[in-house]
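Hello,

Here is the structure we spoke about. Please have a look, then read my notes below.

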Amino acid sequence: MIFLSNAVIVFLLVEALLLSLLLLALYHVIPIIRHWDFADTSPRQYALEKRSYLAQLIIFFTLAFKIALLPYFAYMIDGLSLMVPGAMCAAGVLGANDYGAFLLGLKVAILFGVGLWIILNRRDLQASDYPYTRLKYLLFLALFALIAFESALDWLYLSSIATTTPVSCCSSIYGASTLGSPIPFGLSKEELLILFYLLYALCLVAALYSIGWISLFANAALIYIGYYAVVYFFGLYIYELPTHQCPFCMLQREYGYVGYAIWGTLLLGGFFGIASALFAPLHGSTTRALYRLSALCNTLFVLICSTYVLRYYFLNGVWL
Amino acid sequence: MIRLEHVCKTFHEGTPEAFEALRDISLHVAASEMVILKGISGSGKSTLLSIIGALSKPSSGSVIVGNQSVAKLSDLHASHYRRDTLGFIFQSFNLFEELSVEDNVALPLIHAPITHDEAATRINAALERAHIAHKRKVRAALLSGGEKQRCAIARALASDPKVLLCDEPTANLDSQNARAFCDNLLELRALGKTIIVATHDPIFETLEGVRVVPIVSGRIDS
């Protein structure tokens, strides 16, 4: 019955269309991986270069669309909370069956892969001898497998959402009923906050001095710690409720859709930071741009989160 | 300077309409040499010129200009190659009629990595070299055919290219202007430019020190 939602129908149709385009690209990519030899001047190599041009164009368009599809997925899942009993936000809908949380994780992982492919493709096209052609298409093969798996999981997940069985939502998933401290490493909120700002500072230092391995570590850690900091500390100031802990309610209209900005900047900052480390051996302008983008996104993320806390304190004179 | 090895070009490859425009073309052009690609319409000379100019790619074979493998360039590098190495002169001039001569000549320098002063110097030099400096402020629409072609030469020279590619450059000129154009090309060759002209105009065969390469049905006719 969940398929009666227009948003779901649109989502699945777009997913199917994108997968078809990727399948078309795959048809061109396989011979390129097998026979690519840039130095060769035979008709086959020229034909492969033409096919590569077409394939990378299709893949770029499709993957760029995939990036836009993740916020749409979050928006769609949030909207479905109206149809699922007990769900008040995307947390309840994602927890409606065993696939939801895994699917969301998979989508984020694919997004990281998509970003890497786009950067690699750009580097390849900027060089005079297409040095990363085979590598980028091998990465595409891995992405294609993941995206095909994701599409199957989308169907499984959406078709398994019961609209008659009540589900648990954020208050019980992230709330006080959770046994023990939900914050990792048994950290207190104060310690979590100190670690959060320290990691942010480390990310900035790594970006400023272009230190790849620190950027890799600090940004990966900031994504992990940042998630908990938002859910268990900053979220309280966004919701202005000391008991409301949820990563999804902030995606809703009553909170100005600020969740999209928060999670978007956290993931983008983390991605650019990790990518800058991975692409550091190339020593190009791409790497410098990635460091700058990472610093920019991380700073925006920290500013947005911190602003809520300061604003609450200045308006009310107390901390939550 | 320019080395073509076994260049073939087939249009509509793999379809029943497949057409072999170039067949196994091998050609070496030395620096400061002037080569005339002579042939009737449809013989493949313009196709060859477009491949040397990185405007299209061959179906097989290699094209080396300087040290660059031109046939293998990506769009970005092909644009840089055309901007930095080549000057084009076309049959129909391809000028912007509403712009002045000076502005037309300045066009190739818009994206060149040079200062404003350097650009001005190059524009002046190109206008002088093409004998059109006296018309620099005149709109291209008001020029005669010969003047338009001189403006086109000046535009081709603005980026100080090593190679000039001319596609039927005298087709729209009377015999007097055609002769003047040829003299201008000879001056440019003396300045070290490598020049390739695709034409069926017999006037080029009368020029001293040029090499005529006849092209028949996509092949070099030996």
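A polar contact here is a pair of N or O atoms within 3.5 Å; within protein, one must be able to donate a hydrogen and the other to accept it. Keep in mind that the model is predicted.

On that basis, 8 residue pairs are in polar contact between chain A and chain B, both residues at pLDDT 80 or more. Helix H2 (43-80) and helix H4 (100-126) of chain A each give two or more residues to the side that touches chain B. H2(A) gives the most, with 6 residues. By class, that side of chain A has 7 nonpolar, 5 polar and 3 charged residues.

The two chains also share 1 salt bridge. The side chains of A:Glu49 and B:Lys72 form it, at 2.6 Å, N to O.

Now the interface totals. 15 residues of chain A contact 14 residues of chain B. The chains bury about 1100 Å² between them, with 50% of that on carbon and sulfur atoms. In chain A, the most area is lost to chain B by A:Thr41, A:Tyr46 and A:Ser128, together 43% of what that side buries.

Chain B holds an open sheet of 4 strands. The order is S2-S1-S4-S5, with antiparallel pairing. Strand S2 (19-29) and strand S5 (68-69) of chain B are the edges, and each pairs on one side only. Inside the sheet, 5 bridges join S1(B) (residues 2-11) to S4(B) (residues 60-65). B:Glu5 has B:Ser62 as its bridge partner in S4(B). Helix H1 (residues 45-52) of chain B lies across S1, S2 and S4 of that chain, at about 120° to S1(B).

Best wishes

Terms used
Residues numbered from 1 in each chain as written. Chains lettered and ligands numbered in written order. Predicted model: local features only at pLDDT ≥ 70, side-chain atom pairs only at ≥ 80, totals over all residues. Heavy atoms only, no water. Contact = heavy atoms within 4.5 Å. Buried area = accessible area lost by both parts, 1.4 Å probe. Salt bridge = Lys/Arg side-chain N within 4 Å of Asp/Glu carboxyl O. Polar contact = N/O pair within 3.5 Å; in protein donor to acceptor, adjacent residues only side chain to side chain. Nonpolar A, V, L, I, M, F, W, Y, C, P; charged D, E, K, R; others polar. Pairing = 2+ DSSP bridges. Axes fitted to C-alpha atoms, helices over the stretch in contact; angles between N-to-C directions.
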